[in-house]
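Please keep the sequence and the model in view while reading.

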Amino acid sequence: MKIDRPANRPRAYGYVRVSTAEQAEHKTSLRQQKVDLQNCCAKQGIDLIEIFVEPGLSGSDWKRPEFNRMLLLATGEDHPVDYIVAADMARLARDVELIVTTQGQLKRAGVKCLFAYQTFEDSHFGMLHQLLTGWQDQDAIVKASTNTRRGLRGTAEEGFWPGGTVPLGYESRTVEIRGKKEKKKLFIKEAEARIVRKIFDLAERGIDGTPMGGRAIAEYLNKRGYTRRGGKFHNSNIAGILSRPHYLGEFPGNKFDERGNLLPEDEWTMVECPQLISKEKFDHVAALRATRAPRNTAPRIVNGPTLLIDIAHCGVPNCGAGMTVATGGSGRYRYYKCNERTNRGASSCSCPNVRTDKLDPLVMEVVAEKIFDQDNLERLLGRVLDTSDDARKRKRLELQQCEERIVEARKRLSNLHDGIEIGTISARDPDIASRIKERRAEIDSLNSTANILRQQLDRGPAKITPTAVRKFGKIVRQNLIHGDSDVRQRIARAFISCIRIGSRIEIEGETAALEHGVAAVARSKGELPTFDRKWCGREDSNFHGR
């Protein structure tokens, strides 16, 4: 806000600020502060040449954009102003250290502070008076923050909604009135809940069984007229929905102590709310998103047409590099090539180049005939077909251990997120991103294993039987040999963990993935279920083909 002025008079910048909690207070409103600053400068014979406006930021915040811009201009070599004018000390800052630092900068630049509501002597005692006032202002905001946090903690401990933006799929309703205060809880808002469930379904299975990313989901919803409370969907708010803990049936109503320090997770106050998404689906989607994230898996691998990319590796001893795809014959054919040879030259590795049109069908044929053959499947899955009392005891113990590992893995993932939230680690750190991806995949894998064990212990419709195994093998064999490239690629990534290419070709996979596939077919009506590569990663359950 620029103001015209006559020449040869003292000049000043004005600064007005309100924090969110103070918006409703008349005397500290932005409009009233501007009027008071103008009147103060007029009485003092000072030209107010510009007013810097900072709405909704705390006086203890060192990173206020307009405040820092004003300081930078005021302390410039051209000496544009003689005064900084504010309504009172609290408008300028509510932090003693910030006050001392700011006053020092301004004093060195020959700029004084003037306040509309307060008067301080231009002396040593005046400076002490300012510091004492600043300390009182800081003490007041600390006490107010402490009381606010206490109130929020008490609200959460009683199981009420602590306030803030209500997540999509819910609405807050008043369930109790205490004096002038309304106590609220979250309830499902079915019209929005259907959209939330749709988003998770698209992230897990897409339209044709292929998981969709955030941008694709947003585009799909926007084209079909879905809205986010009147607004459009974007990749960012889709990502927020897919990671919101409320949908699991509880959320942290309070994570901080009275001083604002992050508490250990076991001391958080959890508030229950209606569950919209199962834990298994939530974790599965999180693992899929982590796997497909650009920093973890290149888009050409997530969406590319090459059948074995990302699972084919060099089989030469002491190499083990991933296989990349190159072209030859002026683009007439494509072949798998050791990435080490590509980056460092042919002398770095002796792995031969293998044409994709030769290797892809060979691998599919071997997997179809040797892994998904009925007799071989029954041999590999003999453990899940065992229904003896001893087997059931083993499975109950396995289930208990698996559930304990899920709890521990969730805690480790939560610790990583806490570190990101308080700033001790960065989400952009490749090592942190990799660890988050591993934890999510681990949780998804353990959930899948737990589901299989529950299905084996229950006598429901998803029980794994020899009939289900035969049907599973038949469906997969047919699609491996006759399915389109997309289906074959999904199957390959679901059941093959590694293909090593060297003097011979070795194929490795995990029996637990087969178990999950059989369970999926047992629940299905005969169609090809959605397969996912990260079903399970148990070291004692591998199958191998050569």
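Over the face of which residue does K255 lie? K255 lies over the face of W268, at 4.8 Å from the ring centre. The model is predicted, and local features need pLDDT of at least 70, side-chain atom pairs count only at pLDDT 80 or more, and totals for chains, interfaces and linings use all residues. Residues are numbered from 1 along each chain as its sequence is written, and side-chain values use heavy atoms, with hydrogens and water left out.

**Charges over rings**

- A charge sits over a ring if NZ of Lys or CZ of Arg is within 6 Å of the ring centre and within 35 degrees of the ring normal.
- R64 lies over the face of F67, with 4.2 Å to the ring centre.

**Aromatic pairs**

- Rings of Phe, Tyr and Trp (its six-membered ring) pair if their centres lie within 6.5 Å; planes under 30 degrees apart count as stacked, over 60 as edge-to-face and the rest as tilted.
- The count by this rule is 7 aromatic pairs.
- One of them is the edge-to-face pair of Y13 and F52, at 5.1 Å centre to centre and 80° between the planes.
- Y13 lies in strand 1 (residues 11–18) and F52 in strand 2 (residues 47–55), so this pair ties together parts that are 39 residues apart in sequence.
- Helices (H or I, at least four residues) and strands (E, at least two) are DSSP runs, numbered from the N terminus.
- Y13 is buried at 6% relative accessibility, and F52 is buried at 0%; buried means under 20% relative accessible area, exposed over 50%, partly exposed in between (1.4 Å probe, protein chains only).
- One aromatic cluster is formed by Y170, F200, Y247 and F282.

**Nonpolar cores**

- A nonpolar core is a set of buried Ala, Val, Leu, Ile, Met, Phe, Trp, Tyr and Cys residues joined through side-chain atoms within 4.5 Å.
- The largest core has 34 residues, of which L308, V363, F372 and I496 touch the most other members.
- Helix 12 gives the most to this core, with 6 residues.
- A second, separate core of 31 residues includes V166, L168, A218 and Y247.

**A buried arginine**

- R341 is found in helix 11 (residues 339–344).
- R341 is buried yet has no salt bridge (a side-chain nitrogen of Lys or Arg within 4 Å of a carboxyl oxygen of Asp or Glu).
- The nearest side chain of opposite charge to R341 is E340, 10 Å away; Lys and Arg count as positive and Asp and Glu as negative, while His and the chain ends are not counted.
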